[in-house]
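Subject: A structure for you to explore

Hello,

Here is the structure I promised to send you. Have a look at it first, and then read on for what I found.

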Amino acid sequence: MNFYEHTLIAKQDLSSPELETIEKKYKDIITKTEGKVIKIEKWGLLNFAKKIKAYNKGFYIHYKFQAENKTLEEIKKNSIIDNSLLRHLTIKYKKLDTETEYFKEINEKKK
Amino acid sequence: MKRKNNKFNKRPQNPLNKLSLFQKSDSRFSKKCPLSGKEAPVIDYKNLKLLKRYISDTDKIMPSRITSVSQNKQRKLTSEIKKAKILGFI
């Protein structure tokens with residue numbers, strides 16, 4: 001069992017119940033394939049530095065979990081087909097840092 | 001004349017003399033790596049404040065001879081900057 005981080009970028013024009021279904025969908029994929037979800041962070045709407053597929057903004061969802069290799073394949077399969085996602089990235093870690101949240105300050109400044 | 005000057009420099013000096021403008025500072029050209037050491041910041045693709053310091057105006061990675069980052073940490077920086085570029089932060 002290794003530690004992983006996974007981030008999704010969803011499209012800008014989605015409604016809030018649609019975003020919750022996306023968040024639930026990938027949470028269920030991890031738990032069904034014998035993985036453990038440690039933390040979920042919502043970074044909210046953020047601006048891109050450059051346009052991605054003619055979009056200027058996107059919703060970011062960040063997962064921290066512990067899983068085997070087969071869950072990664074499942075996540076990759078589903079996110080490639082998914083039309084509501086723009087990009088995704090998974091990264092392996094030896095130790096997970098669950099305390100520091102880098103995007104908390106940016107979201108507080110907006111309010 | 002040069003020999004006389006050398007002898008003059010080797011004499012034990014008052015430490016206040018080093019403050020003068022005409023003294024060559026040794027520390028100006030040999031800088032320490034800012035990312036290694038005990039209280040160094042964490043290099044991570046989410047830590048955007050740190051990554052943006054090591055990028056030029058046209059989003060290129062700065063060479064280590066300008067920023068004086070050590071070779072091991074420069075390798076980590078480039079991989080983290082490229083991860084941030086995939087997610088559209090930079």
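What share of the contacts in chain A with a separation of 6 or more comes from residues 24 or more positions apart? The figure is 77%. Please keep in mind as you read that this is a predicted model.

Let's begin with the overall plan. Chain A has 3 helices and 4 strands, and along the sequence they follow the pattern β-α-β-β-α-β-α. Its C-alpha atoms fill a box of roughly 35 × 30 × 25 Å along the principal axes. For 111 residues, a compact globule would have a radius of gyration near 13 Å, so the 14 Å of chain A agrees with that. Of those 111 residues, 18% count as buried.

Next, the sheet. The strands of chain A form an open sheet of 4 strands, in the order β2-β3-β1-β4, and the pairing is antiparallel. At the edges you will find β2 (36-52) and β4 (85-93) of chain A, each of which pairs on one side only. From one strand to the next, the twist averages 20 degrees.

One spot to look for is A:I9, whose bridge partner in β4(A) is A:R87.

Helix α1 (residues 16-32) of chain A lies across β1, β2 and β3 (55-67) of chain A, and runs at about 25 degrees to β3(A). Helix α2 (residues 69-81) of chain A lies across β1, β3 and β4 of chain A, and its angle to β4(A) is about 165 degrees.

Now for the nonpolar cores. In soluble globular proteins, nonpolar side chains tend to be buried together. Which residues have the most contacts inside the largest nonpolar core? They are A:A10 and B:A84, in a core of 14 residues. This core draws at least two residues from each of β1 and β3 of chain A and α4 (71-86) of chain B. Another core, of 7 residues, lies apart from it, and includes A:Y4, A:Y26, A:A67 and A:I75.

Leaving out residues up to four places away in sequence, A:A10 touches A:L19, A:I22, A:G58, A:F59, A:I61, A:S84 and A:L85.

Enjoy exploring!

Best wishes

Methods
Residues numbered from 1 in each chain as written. Chains lettered and ligands numbered in written order. Predicted model: local features only at pLDDT ≥ 70, side-chain atom pairs only at ≥ 80, totals over all residues. Pairing = 2+ DSSP bridges. Axes fitted to C-alpha atoms, helices over the stretch in contact; angles between N-to-C directions. Contact = placed C-beta atoms within 7 Å. Core = buried A, V, L, I, M, F, W, Y, C linked by C-beta atoms within 7 Å. Buried ≥ 20, exposed ≤ 12 C-beta atoms within 10 Å, placed from the backbone. Rg over C-alpha atoms; globule rule 2.2 N^0.38 Å.
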